[in-house]
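Student: Could we go through this model together, and could you tell me what stands behind each label as we go?
Tutor: Gladly, let's look at it first.
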Amino acid sequence: MPHDPVTRHTFDEVMVPNYAPARIIPVKGRGSRVWDQEHREYVDLAGGIAVTSLGHAHPGLVGVLHEQAEKLWHVSNVLTNEPALRLARTLCNKTFAERVFFANSGAEANEAAFKLARRYGWQHHGPEKNEIISFTDSFHGRTLFTVAVGGQPKYLEGFEPAPDGIHHATYNDLASVEALISERTCAVVVEPIRGEGGVVPADPEFLKGLRQLCDQHQALLVFDEVQSGVGRTGSLYAYQHYGVTPDILTSAKGLGGGFPIGAMLTTAAIAATFGIGTHGSTYGGNALACAVAQRVLEVVSQPEVLAGVEARSQLLREGLTRLGKQYGLFEEVRGLGLLLGCVLNEQWQGRAKDLVAAGLEAGVLILVAGAGVVRLAPSLIIPETDIEEALSRLDTAFAALTSH
Ligand code: PLP
């Protein structure tokens, strides 16, 4: 059946206006290159916001998706399915986890984590143990509970009343957590690298301190690894890089390599709180999603892929640092592995969007992380030649931008 033509203008006619997508519409992707409707080609350093961990149309993922599509798509959780069981077992084998709950997105994985933490507190210590400590500028998703736990009030504005009992401490400031934590705290929730909030890695001592505080106060430590997980830092999960083990970990984004999936990982003892009927999801554990994620994990956890993340990170960092100096743009380039943030200097403060627009003009997809940081989260296996090409196009972009 022929399709009616659609353009960027169609977005304004038929979509709820909560997004402001770029003027181009990508129609094809291969590896770290993307083509738009006009056949213009871009190097993708955005990765669908840290999602396409193996690039576009990875042959292994396409193969497994086709294979599973011929077998079984969906049965709901009235039945279990082989891909879900295999994926859960793989996640348990490769992490601290002993039990897994599947969802469809990062927000849903976090929603499950926060509900589990509350219910665990309620069950083991009583109804008073319901407070959650999170951090200002953190991001955990867009459901009402996750925006309430997230530390960006603008995402909650007009949606109140929010769930109660949530306190925000200051990231990388242990004393601010000490001031808030008590016997009423059921969980401390933290991103090991604050992604949306500016690409800020946690200090190792901060995460170690959180672990100790949680143990002292019988609170659960929840790591939101929706953005930092699945090889992004060069370790399968960032907690392994830091050597601090949480009680609950959430994963999504890169886990499906572009197929929607979320997962909450925990221990058997904590998982027991989610007894039959306490929580659920129609699509969670969907066979197609789990088959794809299984292949993503198999590829990403190969030692040469994880080691390759660091090599690519170095290349990008060096190039970005050089360009930042040349054009007087960045104060620093920070982050871990292939989650990098170029922090704009005082002169360019608040203009991250302008750099993204200039990148698009020059044929490179990049992201913002707030108004003052340009973020990069490319495929973990982006060819080094694509990195070089992207840097050369960014050179053109920044030259054009700074010449005005
Ligand atoms: N948690 C973190 C750390 C994230 O970066 C995001 C998305 O950016 C989310 C949760 C929400 O994930 P999703 O958009 O899949 O619901």
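Student: What should I keep in mind about the numbers?
Tutor: The model is predicted, so local features need pLDDT of at least 70 and side-chain atom pairs count only at pLDDT 80 or more, while totals for chains, interfaces and linings use all residues. Residues are numbered from 1 along each chain as its sequence is written, and side-chain values use heavy atoms, with hydrogens and water left out.

Student: Why is threonine 90 called buried?
Tutor: Buried means under 20% relative accessible area, exposed over 50%, and partly exposed in between (1.4 Å probe, protein chains only). Threonine 90 has 11%, so it is buried. Its place is in helix α4, residues 82-94; helices here are DSSP runs of H or I with at least four residues, strands are E runs with at least two, and both are numbered from the N terminus.

Student: What makes the approach of threonine 90 to arginine 86 a polar contact?
Tutor: A polar contact is a pair of N or O atoms within 3.5 Å; within protein, one must be able to donate a hydrogen and the other to accept it, and residues adjacent in sequence count only if both atoms are side-chain atoms. The side chain of threonine 90 reaches the backbone oxygen of arginine 86 at 2.9 Å. Beyond its neighbours within four places in sequence, threonine 90 is in contact (heavy atoms within 4.5 Å) with Gln294 and Leu297.

Student: How do you know that histidine 58 is buried, and what does it touch?
Tutor: Histidine 58 has a relative accessible area of 17%, so the label is buried. Histidine 58 lies in the loop between α2 (47-50) and α3 (59-71). With neighbours within four places in sequence left aside, histidine 58 is in contact with Val299 and Ile381. A polar atom of its side chain also lies 3.0 Å from the backbone nitrogen of glycine 60.

Student: And why is arginine 295 called partly exposed?
Tutor: Its relative accessible area is 27%, so arginine 295 takes the label partly exposed. Arginine 295 sits in helix α11, residues 287-300. Arginine 295 and glycine 60 are 235 residues apart in sequence, yet 7.2 Å apart in space, C-alpha to C-alpha.

Student: What makes β7 an enclosed strand?
Tutor: Six of the six residues of β7 (185-190) are buried, so this strand is largely enclosed by the rest of the structure.

Student: How do you know that β7 pairs with β5 and with β10?
Tutor: Two strands pair if DSSP finds at least two bridges between them. Three bridges join β5 (131-135) to β7, in parallel, and four join β7 to β10 (220-224), also in the parallel sense. Within these pairings, isoleucine 133 stands opposite valine 188, and valine 189 stands opposite valine 222.

Student: Why are β13 and β16 called edge strands?
Tutor: They belong to an open, antiparallel sheet of four strands, in the order β13-β14-β17-β16. β13 (330-336) and β16 (367-368) each have a single partner strand, so one side of each is left without a neighbour in the sheet. Inside that order, four bridges join β14 (339-344) to β17 (373-376), with valine 343 and valine 373 as bridge partners.

Student: What makes Gly106, Gln227 and Lys253 part of the ligand's surroundings?
Tutor: A residue is near a molecule if one of its heavy atoms lies within 4 Å of it. The ligand has 13 residues around it, and the closest are Gly106, Ala107, Asp224, Gln227 and Lys253. A polar backbone atom of glycine 106 is 2.8 Å from a ligand oxygen.
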